[in-house]
Every structure is written in C-alpha cells, then in structure tokens.
Amino acid sequence: LIPKARGRRAQCAMYVLLALCAAVLYLAGEPLVSTARSLTHHFVTVQIGVLLKGTCYLAEEIFHLQSRHHSSFWRALSACFPLRWHGPMLLICGSAYVALLDGDGQPLSLHLGLACLCHLLILALGLSKPSAVEMSEMSESSKQNVAHGLAWSYYIGYLKIVLPRVKKSMEEFSRANPNVLAYRETWKLHILVPLSCDIYDDLEKADSNIQYVTDLTETTLTRAGTKKRVYKHSLYAIRDEDNKLWHCAVEYATPLQSLYAMSQDECAAFSREDRLEQAKLFYRTLEEILKGSKECAGTFRLIAYEKTGEAETHFLSRYILWHLRQQHLEEYALYERNQVHNPSMSLSSTELNLQISESDLPLPLRSDC
C-alpha cells in the first residue's frame, strides 16, 4: 500500500540514453565540424530558453522585493536565474557557436531571434512546466509536501511527548488489573492510519467488536501557555471470532482529519487522489521519524489500511487483531529462539585459564601477542 522513496533509476536511464545518443552520432559518420556546430547551436538555444524564462519570472519578482527578497534585487535575480551553471554555459556555448558559424547566408541575429521565438512560444503554451512525477519528486526530496509537515507536527507536538510514557501507564494499569493486559509485547500505542482519511470519533461506531474499557493514567504538562494540559489514551477490548477479548490502547492518527477536511474544502484545491497520495506519504514519513527516535522505540505500532470494495462489518477489529497476534507470536517466537540458542553463562576451565595471568606483570590486551 505504501510507496517507497524514489531511487536513482531515472538518473541511470539518463546516462544510458546519453551514451546511446553519443554512439548513434558517432556511427552516423557526419563531419566533426558540422556536428560540433549543431551541438553548440542546441546548447545555446537551451540556455537562451532558461534566460527568457528567468526574465519572465523576474518581471513579477521585482514587485515583491521587500516582502520576499529582503529588498535585495540581487536575491531576486539569483532566485530567477540559476547563474552558477547556466551563465558560464551560455558564454562558452555562445562563443563556440560564433566561432563555428561558417556563414550559411543567414545572419546571427536571425538564429538568435528564431531561438527566442521558439522558447517564448513554449513558455506561452505552458509546454515547459514540470510533469506530475517531477513535481512529486521535487516535493518529496525537499520535504515540502503537506504530509511531511503534518507528520513532523504530529510527532513533535504529540507522539514525542506521550509515547515514552505509554508503557509506564500500562504497567500501572496492569498492577491494578492483572488479568486484563495479558501480553506485555502489546503494551504499545496502536495508531490507526486509514489511507482514505475516513476517521470515526467513536471507535465503537466504527466496529461493534471494539468496546471502550477505560482511560489509562493521564499525563499533565504545561505546554505553549496552557497550564495542566492533559494527555491520555483510551484502552479498548477487541473481541475475536472465539469471543476472546484482546486489550490494547488504540487511536486514530488525528492529522488525517486535516487531509480529509482539505479535500472537502474548495479553497484547498485538494483532490481525492492528492489526499490518498499525501496519506501514504504521511505514513511513510511518520514511520521514518519514529524509527529514528530512540525515546519512542518499542512504544508504538502503526496500522495502515485501505478498505476495498464493500466495507466489512468487522474489518477494523479483524485488522487490529491481526496486528495484536503478530506482535504476540513474533515476540514469543523470538523469545523461544533466544532461549534455545542462548549460550551458557558459565565459563569452562579453558576460558578461565585464558583470563588468569600467570605473571604479576601486566599483559597486552591482544590475545595473539
């Protein structure tokens, strides 16, 4: 369900195509001077296009010097023109083109005029706009998607505060109710991430097999000017096919409500497809953030799901139960494997001899001396 981060295959394909084009030109057997003239002509044309595009953007940015560029014309110029590479390339290719021009009967001004006309038509028709894939890749690589902001806000403003305290709250509850939280490996906050962003305020209405039990111990902190702000989690009982109850702390990822509201608001211009893409990116970003957080390790379980076709009556409870069983079986199997293959803690006589020095003098740490 969740797409992985894009790799470098597009760049590899570019190098392959570059080598292929070079081989085709070499095998064509055209004169070197003619090929060099055509190549520099195309380079000059491309650089002129970049120059014209930057000029069009600069015509707008000069009216925002104070608010966007700190009243600096140089900042606006640098933002519109990528001078680091295109400036030298334009000078080099332009000089080479003029040097290789063999006087074909048409003045240089005509060549430059035609190049400007072609690129201005391309800009006017909107043919130079980046594709959807390019925009998505740029947004993901620069971490400027809506999902990135929501994931970081959710982590900094909520999860980083509550997750380190989850196990302590469950331990306190377990001491008071020893028969409820049977499996310690499920003492985590289970965060539901529906990719449809369809969130129920009451989990009992989402699935009748999910029943509210009680609230865990509250955490009270002073945050952002609010005295005694309360953070708490609800404990639920999930009924399986055999009427057995599994207890866990579960809640929705609340930022998904913002994505859903944006898709319903015309001002946000956020389509259903955009919402789905951002929901997937939200899950992937949140997973990466939490995996890199030492204080949150082993305190959470992300549960992403997407309903397909007709919604089942007990789809949500079955999916949560699957995750609970996975945690229980994985932890139990790991524990048993460790028990079987755990080396003995007692030392043999040979090992003891290696650790005892027969001399009163200090010995080197290396054993091969």
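Author: First, a definition. A helix is a DSSP run of H or I with at least four residues, and helices are numbered from the N terminus. Keep in mind that this is a predicted model.

Reader: How many residues apart in helix α12 are K291 and E287?

Author: K291 and E287 are four residues apart in helix α12, so about one helical turn separates them. Their side chains form a salt bridge, with the closest N and O atoms 3.7 Å apart.

Reader: What can side chains of opposite charge do when their charged atoms come close?

Author: They can pair. The cut-off is 4 Å, from a Lys or Arg side-chain nitrogen to an Asp or Glu carboxyl oxygen.

Reader: Is K291 buried or exposed?

Author: K291 counts as exposed, because its relative accessibility is 63% and the cut-off for exposed is over 50%. E287 has 23% relative accessibility, so E287 counts as partly exposed.

Reader: Which salt bridges share partners and join into one network?

Author: Those that join D240, E241 and R325. In the whole structure there are six salt bridges. In one of them, the side chains of R325 and E241 meet, at 3.3 Å from N to O. This pair links distant parts of the chain, 84 residues apart. R325 sits in helix α13, and E241 sits in the loop between β5 and β6. R325 is partly exposed, at 28% relative accessibility. E241 is exposed, at 55%.

Reader: With which residue does R284 form a salt bridge?

Author: R284 forms a salt bridge with E288, and the closest N and O atoms are 3.9 Å apart. R284 and E288 also lie four residues apart in helix α12, so about one helical turn separates them. R284 is buried, with a relative accessible area of 11%. E288 is partly exposed, with 46%.

Reader: Now the strands. How many of the residues of strand β6 are buried?

Author: Seven of its eight residues are buried. Strand β6 covers residues 245-252.

Reader: Which strands pair with β6, and in which sense, parallel or antiparallel?

Author: To read a pairing, look for bridges; two strands need at least two between them. Strand β1, residues 189-194, runs parallel to β6, and four bridges join them. There, L192 has Y252 as its bridge partner in β6. Strand β5, residues 234-239, pairs with β6 in the antiparallel sense over five bridges. There, A237 has H247 as its bridge partner in β6.

Reader: What does N243 do in the hairpin of β5 and β6?

Author: N243 takes a positive phi near 60°. The hairpin has five residues between the strands.

Reader: Next, the rings. How many aromatic pairs does the count come to?

Author: Nine aromatic pairs. Look at Y154 and F282. Their ring centres lie 6.2 Å apart and their planes meet at 40°, so the pair is tilted. Y154 is in helix α8 (residues 146-162) and F282 is in helix α12 (residues 272-291), so the pair ties together parts that are 128 residues apart in sequence. Y154 and F282 are both buried.

Reader: Why is the pair of Y319 and W322 stacked?

Author: Their ring planes lie at 20°, with the centres 6.4 Å apart, so the pair is stacked. The cut-off for stacked is under 30 degrees. Y319 and W322 both lie in helix α13 (residues 315-341), three residues apart, about one turn of the helix. Y319 is partly exposed, at 25% relative accessibility. W322 is partly exposed too, at 45%.

Reader: Which residues do ring pairs link into a cluster?

Author: Y154, Y158, Y231 and F282.

Reader: Now the surface. Which residues make the nonpolar surface patch?

Author: L110, L114, L117, L121, I122, L125 and L127 make a patch of about 660 Å². Take I122 as a case. I122 lies in helix α6, residues 108-124. I122 is partly exposed, with a relative accessible area of 31%.

Reader: One last feature, from a record. Which residues does UniProt list for "transmembrane region"?

Author: UniProt lists residues 12-29, in an unreviewed entry. In the model, that span is 94% helix and 0% strand. The end C-alpha atoms of residues 12-29 lie 27 Å apart.

Notes:
Residues are numbered from 1 along each chain as its sequence is written. This is a predicted model: local features need pLDDT of at least 70, side-chain atom pairs count only at pLDDT 80 or more; totals for chains, interfaces and linings use all residues. Side-chain values use heavy atoms; hydrogens and water are left out. Rings of Phe, Tyr and Trp (its six-membered ring) pair if their centres lie within 6.5 Å; planes under 30 degrees apart count as stacked, over 60 as edge-to-face and the rest as tilted. Helices (H or I, at least four residues) and strands (E, at least two) are DSSP runs, numbered from the N terminus. Buried means under 20% relative accessible area, exposed over 50%, partly exposed in between (1.4 Å probe, protein chains only). Patches are made of residues with over 30% relative accessible area and no salt bridge: like charges are joined within 9 Å, nonpolar side chains (Val, Leu, Ile, Met, Phe, Trp, Tyr) within 5 Å. Accessible areas come from the Shrake-Rupley method with a 1.4 Å probe; for residues, only the protein chains shown count as cover. UniProt positions are given in the numbering used here, feature names are shortened, and annotations may be inferred rather than shown by experiment.
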